[in-house]
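Here is a short briefing to read alongside the model. Take a look at the sequence and the fold, and then we will walk through them topic by topic.

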Amino acid sequence: MTESSRVRVLVADDHPTVRYGLRAVLGSDPSVQLVGEAGAGEQAVALAAETVPDVVLMDVTMPGLNGIEATRRILGATPSVRIVMLTMYDDSASVLAAIRAGARGYLLKGADRDEILRAVHAAAGGAGVFAAAATEHLAARVTGARTPGAAAGGLPGLTERERELLDLMARGLTNAAIADRFRISPKTVRNHTSTIVAKLGEQGRAGAVARARAAGLGGPDEAG
């Protein structure tokens, strides 16, 4: 098989162990070529421009630029690239945000080797591949049904922890203050914030806070 006939794949995930696993999966298929690995959204955008892969396996939550916005930027520069989201999130907001950004597939990180390779080849051929849970969310959106975990009040798809964190953001707490409240690192707060922003389809923290306040979250500003 010639180099030109192989499916060229870029992997973007901030967890080295996940990248290692994907490297092993892709390496087990001689018709697939791994052309690069990115540990952050900005790096994924830069590597996609440099390598012009056929397919990108993209995590939703990464430091700095999240996977949804990275997807938008990659496709804005190179529309021929096919992007498959590979993430732990299976809620409707994440699925819809990925599709709106232009993703051609959405798989959960529990997907096995065959599922991942099928998605890679399908995406390279122009088809879309979505996990069963993602398909259920799309069907529910079309029919107007609610999926388990959908939140009321204009904030669909957020987990209980994400709503708690968003509430503190709406109250005016800084990342450092929120990190102290939850006993997590500021980096983890930033990652959660990126996920919340992506799920709500907003462009930044300010938009997410405005949505939160409109939905009734937040109270008097607190110093933090």
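Serine 194 is buried, because its relative accessible area is 12% (buried means under 20% relative accessible area, exposed over 50%, and partly exposed in between, with a 1.4 Å probe and protein chains only). Please keep in mind that this is a predicted model, in which local features need pLDDT of at least 70 and side-chain atom pairs count only at pLDDT 80 or more, while totals for chains, interfaces and linings use all residues. Residues are numbered from 1 along each chain as its sequence is written, and side-chain values use heavy atoms, with hydrogens and water left out.

**Overall picture**

- The protein has ten helices and six strands; helices (H or I, at least four residues) and strands (E, at least two) are DSSP runs, numbered from the N terminus.
- Of the 224 residues in the protein, 47% are buried.
- Taking contacts between residues at least 6 apart in sequence, 64% join residues at least 24 apart; contact means heavy atoms within 4.5 Å.

**The sheet**

- Six strands form an open sheet with parallel pairing, in the order β2-β1-β3-β4-β5-β6 (two strands pair if DSSP finds at least two bridges between them).
- At the edges are β2 (32–38) and β6 (129–130), each of which pairs on one side only.
- β1 and β2 run parallel and are joined by six bridges, with valine 11 opposite glutamate 37 in β2.
- Helix α2 (residues 41–51) packs on the sheet and touches β1, β2 and β3, and its direction makes about 140 degrees with that of β2; axes are lines fitted to C-alpha atoms, for helices over the stretch in contact, and angles run from 0 to 180 degrees between N-to-C directions.
- Helix α1 (residues 16–27) lies across β1, β2, β3 and β4, and runs at about 165 degrees to β2.

**Strand β3 and its partners**

- On one side, β3 pairs with strand β1 (residues 7–12) in the parallel sense over four bridges, and leucine 10 stands opposite valine 56 in β3.
- β3 also pairs in the parallel sense with strand β4 (residues 82–87), over four bridges; here methionine 58 stands opposite methionine 85 in β4.
- Within β3 (residues 55–58), Val55 and Leu57 point one way, Val56 and Met58 point the other way, and all are buried.
- In a regular strand, side chains alternate between the two faces of the sheet.
- β3, helix α3 (residues 67–77) and β4 make a right-handed β-α-β unit: with the strands pointing away from the viewer, the path from the first strand over the helix to the second runs clockwise.

- UniProt lists Asp59 for "modified residue: 4-aspartylphosphate" in an unreviewed entry; UniProt positions are given in the numbering used here, feature names are shortened, and annotations may be inferred rather than shown by experiment.
- Aspartate 59 is in the loop between β3 and α3, and counts as buried because its relative accessibility is 4%.
- Beyond residues up to four places away in sequence, aspartate 59 touches Ala12, Asp13, Asp14, Gly67, Met85, Leu86, Thr87 and Lys109.

**Residues in helices**

- Serine 194 sits in helix α9 (residues 186–200); leaving aside neighbours within four places in sequence, serine 194 is in contact with Met62, Gly64 and Asn66.
- Phenylalanine 182 belongs to helix α8 (residues 175–182) and is buried, because its relative accessibility is 17%.
- Not counting residues up to four places away in sequence, phenylalanine 182 touches Arg161, Glu164, Leu165 and Leu168.
- Glycine 76 lies in helix α3 and counts as exposed, because its relative accessibility is 63%.

**Loop residues with positive phi**

- Valine 52, a residue other than glycine, has a positive phi near 45 degrees; valine 52 is in the loop between α2 and β3 and is partly exposed at 40% relative accessibility.
- Arginine 183, also other than glycine, has a positive phi near 60 degrees; arginine 183 is in the loop between α8 and α9 and is exposed at 79% relative accessibility.
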